[in-house]
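Have the sequence and the model side by side. We will go from ring to ring, then along the helices.

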Amino acid sequence: MNRYKQREQAFLLIFEELFTDETKETLCSLFEDNIEELGDYSKELFFGVSDNAQMLDGNISEFSNGWRIQRIPKVNVAILRLAIYEIMFVDDVPSSVAVNEAVELAKKYSGKEDAAFINGILGSLIRSME
């Protein structure tokens, strides 16, 4: 299974976690029982994002130019958490790839304006890290 597909699986789990109190293990099990087998990278991303959600949300808030995280659509929060996690913690994924994949997920699950919003936040984050 390619990395894009595994990112998409992780995104779906991250999004689902925003609406439930189920454990990470239960969410993975439900996903595999009802949708498809999860890739190892999907699980790595999901668990990493879940374990670092507060820090990731801090970065989203810092770079979202006055938008409170509660006002950002949850689908966009899930995409941003995933991309920021990859940028900060996954060494073998270039930042540009993480941004591009996040924009593609936004185009598929959110909207063109949301894709630009996500691109802007991630671009600001990357520039701050240089």
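Begin at tryptophan 67. The charged end of arginine 71 sits over its ring, 4.7 Å from the centre. A charge counts as over a ring if NZ of Lys or CZ of Arg is within 6 Å of the ring centre and within 35 degrees of the ring normal.

A word on the source. This is a predicted model, in which local features need pLDDT of at least 70, side-chain atom pairs count only at pLDDT 80 or more, and totals for chains, interfaces and linings use all residues. Residues are numbered from 1 along each chain as its sequence is written, and side-chain values use heavy atoms, with hydrogens and water left out.

How confident is the predictor? The mean pLDDT of the protein (confidence in each residue, from 0 to 100) is 95, and 100% of the residues score at least 70. Among the elements, helix H7 (residues 112-129) has the lowest mean, 94, while H5 has the highest, 98. Helices here are DSSP runs of H or I with at least four residues, numbered from the N terminus.

Now look at ring against ring. The structure holds six aromatic pairs. One of them joins phenylalanine 15 and phenylalanine 19 edge-to-face, with 5.1 Å centre to centre and 70 degrees between the planes. Rings of Phe, Tyr and Trp (its six-membered ring) pair if their centres lie within 6.5 Å; planes under 30 degrees apart are stacked, over 60 edge-to-face, and the rest tilted. Phe15 and Phe19 also belong to an aromatic cluster with Phe11 and Tyr109. The cut-offs are under 20% relative accessible area for buried and over 50% for exposed, with partly exposed in between (1.4 Å probe, protein chains only).

Next, follow helix H1 (residues 3-17) to arginine 7. This arginine 7 is buried, at 4% relative accessible area. Which side chain does arginine 7 meet in a polar contact? The partner is the side chain of glutamate 86, at 2.8 Å. A polar contact is a pair of N or O atoms within 3.5 Å; within protein, one must be able to donate a hydrogen and the other to accept it, and residues adjacent in sequence count only if both atoms are side-chain atoms. Leaving out residues up to four places away in sequence, arginine 7 touches Tyr41, Leu45, Leu82, Glu86, Val93, Val97 and Glu101. Contact means heavy atoms within 4.5 Å.

Lysine 24 lies in helix H2 (residues 24-34). Its side chain makes a 2.5 Å polar contact with that of aspartate 51.

Helix H3 (residues 40-51) has twelve residues, so at 1.5 Å a residue it should span 16 Å; its end C-alpha atoms are 16 Å apart, which agrees. The expected span is 1.5 Å times one less than the number of residues. Buried residues in H3 are Tyr41, Ser42, Leu45, Phe46, Gly48, Val49 and Ser50. Their cover includes H1, H2, helix H4 (53-63) and helix H5 (74-89).

Finish with two residues. Phenylalanine 89 is in helix H5 and is partly exposed, at 39%. Beyond four places in sequence, phenylalanine 89 touches Asn52 and Met55. Glutamate 113, in helix H7, has 72% relative accessibility, so it counts as exposed.

Technical notes: Helix = DSSP H or I, 4+ residues; strand = E, 2+ residues; numbered from the N terminus. pLDDT = per-residue confidence, 0-100.
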